[in-house]
Amino acid sequence: MARTPIDFPVPDLTGRRAVVTGASDGIGLGIATRLAAAGAEVLLPVRSRRKGEAALSTLRAAVPGARADLRTLDLSSLDSVAALGDTLRGEERPIHLLVNNAGVMTPPGRQTTADGFELQFGTNHLGHVALVAQLLPLLRAGEARVTSQISVAANQRSINWEDLNWERSYNGQHAYSQSKIALGLFALELDRRSRAAGWGISSNLAHPGVAPTSLLAARPELGRDRDTLGVRLIRFLSARGILLGTVSSAQLPALRAATDPTARGGGFYGPSGPGHLGGPPAEQKLYSRLTDAEEALRVWSVSQQLAKVEFP
């Protein structure tokens, strides 16, 4: 079945500086490429220099003359996040867009970050909390929009407050859901705090729906030597235009959330097709797990303690 192309027109971003985490491949690279094509200067903070150089070559081939560069970042290390913060603050240039896109998903066995946190909670959530805190002066200077990429998994399960690090009983999918719920609650609280204190930052959420990205693909470093059955099924359905999105369409909700002049702080953007699995990007109703303001305050407080950062 032929699939009708889906797109979102990114406005002119000339003069804007953007940071996109997880831009060494997949959705993140697609987002970074589109921002560069719209005139933004794009920074790709990457863990693997080899993958980063390949991504940069791909981006520049797609956008001749693109203003794009690499920085070093491992979100699973708070020291690495702090080092990037030092580097970018030292450059003394405002950041206008931050897309918190990077993530890891469902390693078959429990793994930990350099700081001892369960890998998904530490990388997907705490790493991004620390990054926002490190970059806060630059985000305020740029009156930035911060878009945090969550997941349909944030509409499932809950935060395991009794065992945030899943030390007593590990379930990879449940831990993944927790990481995305926590990031979503943090991002919404960031927007509330900014409005109350006049920081000038707007913070919103996006999710890509379901598409054949690299999250579930073979990742030997996560202990997954071959593609999961789930990703094989997703590829099959996506290729035939059945319900799901593509890697290209999955980029669009975050692009709309990050760049659409009408996208609002505290808003939530995702695919508008059946089940919000694929289709054009549109604003959506917040997941029930993201509506509790007291839960968001708890996430805000505990996350700062764990990430060893402090917001004003």
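Leaving aside neighbours within four places in sequence, which residues is Asn 100 in contact with? Keep that in mind while we walk there.

A word on the model: it is predicted, with local features needing pLDDT of at least 70, side-chain atom pairs counting only at pLDDT 80 or more, and totals for chains, interfaces and linings using all residues. Residues are numbered from 1 along each chain as its sequence is written, and side-chain values use heavy atoms, with hydrogens and water left out.

**Stop 1: strand 5.** Select residues 145-149. Strands (E, at least two residues) and helices (H or I, at least four) are DSSP runs numbered from the N terminus. Five of the five residues here are buried, so strand 5 is largely enclosed by the rest of the structure; buried means under 20% relative accessible area with a 1.4 Å probe, protein chains only. Arg 145, Thr 147 and Gln 149 point one way, Val 146 and Ser 148 the other.

**Stop 2: the partners.** Look for Val 99 opposite Thr 147. Next, show strand 6 (residues 202-206), parallel to strand 5 over five bridges, with Gln 149 opposite Ala 206.

**Stop 3: Asn 100.** Back in strand 4, pick Asn 100. Its 0% relative accessibility is why Asn 100 counts as buried. Its side chain joins that of Ser 148 in a polar contact of 3.2 Å (N or O atoms within 3.5 Å, one able to donate a hydrogen and the other to accept it; residues adjacent in sequence count only if both atoms are side-chain atoms). As for the opening question, Asn 100 is in contact with Thr 21, His 128, Leu 131, Val 132, Val 146, Thr 147, Ser 148 and Gln 149, contact being heavy atoms within 4.5 Å.

Definitions and conventions
Buried < 20%, exposed > 50% of the residue type's maximum accessible area, 1.4 Å probe, protein only. Pairing = 2+ DSSP bridges.
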